[in-house]
Amino acid sequence: MLRPLRARGETEVKKKGQTEEDGAQTDFSIMAESADTEQLLAAFKKFAIHGDTKATGKELNGKNWAKLCKDCKIIDSKNVTSTDVDIVFSKVKQKTSRVITYEEFQRALQELAPKRFKGQSKEEALQSIFKLVEGREPTNVGVTKVAKMAAVDRLTDTSRYTGSHKERFDESGKGKGREGREEIVENTGYVGAYKNAGTYITKMKAEK
């Protein structure tokens with residue numbers, strides 16, 4: 001039985017594919033050595049779920065990818081711009097997908113590293129860009145909480161109260177109880193605004 005002839009160039013193509021695969025593996029080995037993988041993954045997850053309560057943290061959309069690059073100072077408006085970030089996102093993601101996985105995210109950083117840190121070696125640039133991202137989180141996390149606390153402080157600051165509300169609390173902020181809520185009438189025979197009730201009897205005794 002005759003063996004089928006090998007198509008011309010098949011060996012060369014296979015070797016070329018192997019070379020590209022080996023190159024990719026080399027790149028990711030460099031990335032693994034350069035990054036604190038736990039911190040990098042933590043940052044990825046925090047940005048992945050930002051603004052989306054249904055997000056699983058396993059995929060990063062284009063909007064949050066751009067925010068990550070901005071918040072982590074990857075975008076410096078000099079070497080790396082928002083346009084560069086968008087181009088890289090489109091390059092590493094699957095054609096029909098609107099998100100990138102963690103592996104694609106790493107590849108995106110690998111693409112941006114030489115642009116962001118010109119003059120550094122490939123390994124140094126990767127390490128530098130990872131350092132920008134590791135352990136970071138979206139910058140506006142906690143802002144809402146602070147704003148709410150400030151609002152509560154304003155509402156509970158009795159020194160800012162006016163009108164009837166002002167009468168319900170003393171200088172320390174303690175409520176006056178019924179005295180602060182109601183106008184208590186005392187049957188002393190004096191008008192309500194009179195402040196010298198009882199002083200006449202005391203004065204007469206003093207004269208005797």
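Which residue forms a salt bridge with D76, and how far apart are the closest N and O atoms?

Guide: This is a predicted model, in which local features need pLDDT of at least 70 and side-chain atom pairs count only at pLDDT 80 or more, while totals for chains, interfaces and linings use all residues. Residues are numbered from 1 along each chain as its sequence is written, and side-chain values use heavy atoms, with hydrogens and water left out.

The structure holds five salt bridges, a salt bridge being a side-chain nitrogen of Lys or Arg within 4 Å of a carboxyl oxygen of Asp or Glu. The partner of D76 is R116, and the closest N and O atoms of this pair are 3.7 Å apart. Two distant parts of the chain are linked in this way, 40 residues apart: D76 is in the loop between α3 (62-71) and α4 (82-92), and R116 is in helix α5. Helices (H or I, at least four residues) and strands (E, at least two) are DSSP runs, numbered from the N terminus.

D76 has a relative accessibility of 25% and counts as partly exposed, whereas R116, at 16%, counts as buried. Buried means under 20% relative accessible area, exposed means over 50%, and partly exposed lies in between (1.4 Å probe, protein chains only).

R116 has other neighbours as well. Leaving aside those within four places in sequence, R116 is in contact (heavy atoms within 4.5 Å) with K73, I74, D76, N79, V80 and L132. For K73, the backbone oxygen lies 3.0 Å from a polar atom of the R116 side chain. A polar contact is a pair of N or O atoms within 3.5 Å; within protein, one must be able to donate a hydrogen and the other to accept it, and residues adjacent in sequence count only if both atoms are side-chain atoms.

K91 lies in helix α4 and E111 in helix α5, so the bridge ties together parts 20 residues apart in sequence. Here K91 counts as exposed, at 54% relative accessibility, and E111 as partly exposed, at 31%.

Next comes the nonpolar core. A nonpolar core is a set of buried Ala, Val, Leu, Ile, Met, Phe, Trp, Tyr and Cys residues joined through side-chain atoms within 4.5 Å. The largest one has 29 residues, and W65, L68, I74, F105, L109, L112 and V133 touch the most other members. Helix α5 gives the most to this core, with six residues. L112 touches W65, C69, I74, V80, D84, V85, V88 and I129, not counting residues up to four places away in sequence.

Helix α3 leads up to the loop that holds D76. Its buried residues are listed as N64, W65, L68, C69 and D71, and what covers them includes α2, β1 (59-61), α4, β2 (99-101), α5 and α6. At the N-terminal end, N61 caps α3 with a side-chain oxygen 3.2 Å from the backbone nitrogen of K63.

W65 also belongs to one aromatic cluster with F44, Y102 and F105. In the whole structure, a search finds four aromatic pairs. The rings of F44 and Y102 have centres 5.3 Å apart and planes at 65 degrees, so this pair is edge-to-face. It joins distant parts of the chain, F44 in helix α2 (residues 37-48) and Y102 in helix α5 (residues 102-116), 58 residues apart. Rings of Phe, Tyr and Trp (its six-membered ring) pair if their centres lie within 6.5 Å; planes under 30 degrees apart count as stacked, over 60 as edge-to-face and the rest as tilted. Both F44 and Y102 are buried.
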